Amino acid sequence: MTDTDAEHEIRREFAEWFRDSAAKDLDAVMTKIAPDVVSYEHAAPQVHRGADAVREVCRQGFELARGEFRWDIPDLEVVVRDDIAVTWGLNRMRVQEPGGEPVETWSRGTRVFQKVDGRWQMIHQHVSFPFDPATGGLSTQR
């Protein structure tokens, strides 16, 4: 398999991940996550170790988004070397509560995958909101 073929595989994994997240299918979302994943998240405790911890973060996120939820990475970058893939880009999250206006936020995301037993598994991710030094707050704009 070439690195180009592997890149296409990773992009297909993301397409499935976006679809499964929109359906709030937690079991399907978790198929992409390695058992010993380390995830740096937006909020405290910020470091989540293991698939069970990441599952809980995802469950809480799906629960908070009572209405329609979608996310994607319009500028997804993928680099593959052998059995390791590194991805990064700006995460676009869209939520529309029943009867409400759509809300869109942006954050940054870097993810590392390893191919184990023929399957790509996320072994690390780092997601964060940009800090706006002019205001001292978080910037959720692209």
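Helix α3 gives the most to the lining of the largest pocket, with nine residues. Helices (H or I, at least four residues) and strands (E, at least two) are DSSP runs, numbered from the N terminus. The model is predicted: local features need pLDDT of at least 70, side-chain atom pairs count only at pLDDT 80 or more, and totals for chains, interfaces and linings use all residues. Residues are numbered from 1 along each chain as its sequence is written, and side-chain values use heavy atoms, with hydrogens and water left out.

The largest pocket holds about 880 Å³ of space. On a 1 Å grid over the protein atoms alone, a pocket is an open set of points where a 1.4 Å probe fits, with protein on both sides within 12 Å along at least five of seven lines; lining residues have an atom within 4 Å of a point. Its volume is the space filled by probe spheres set on the points, which are joined across faces, edges and corners.

The lining counts 33 residues, and E41, H42, V57, G61 and M93 lie nearest the centre. Two or more residues each come from α1 (3–22), α3 (51–64), β3 (68–72), β5, β6 (103–116) and β7 (119–128). By type, the lining has 21 nonpolar, nine polar and three charged residues. Here Ala, Val, Leu, Ile, Met, Phe, Trp, Tyr, Cys and Pro are nonpolar, Asp, Glu, Lys and Arg charged, and the others, Gly among them, polar.

Now the rings. The structure holds seven aromatic pairs. Rings of Phe, Tyr and Trp (its six-membered ring) pair if their centres lie within 6.5 Å; planes under 30 degrees apart are stacked, over 60 edge-to-face, the rest tilted.

| Pair | Centre to centre | Plane angle | Class |
|---|---|---|---|
| F14 and F18 | 5.8 Å | 50 degrees | tilted |
| F18 and W71 | 4.8 Å | 85 degrees | edge-to-face |

The second pair links distant parts of the chain: F18 sits in helix α1 and W71 in strand β3, 53 residues apart. F14 and F18 both lie in α1, four residues apart, about one turn of the helix. Both are buried, meaning under 20% relative accessible area with a 1.4 Å probe, protein chains only. F18 has 18%, and W71 is buried at 9%. Ring pairs join F14, W17, F18, W71 and F113 into a cluster.

N91 lies in strand β5 (residues 84–96). N91 is buried, with a relative accessible area of 1%. Its side chain reaches the backbone oxygen of R108 at 3.3 Å. Beyond neighbours within four places in sequence, N91 has contacts (heavy atoms within 4.5 Å) that include W71, D72, W106 and V127.

Notes:
Buried means under 20% relative accessible area, exposed over 50%, partly exposed in between (1.4 Å probe, protein chains only). A polar contact is a pair of N or O atoms within 3.5 Å; within protein, one must be able to donate a hydrogen and the other to accept it, and residues adjacent in sequence count only if both atoms are side-chain atoms.
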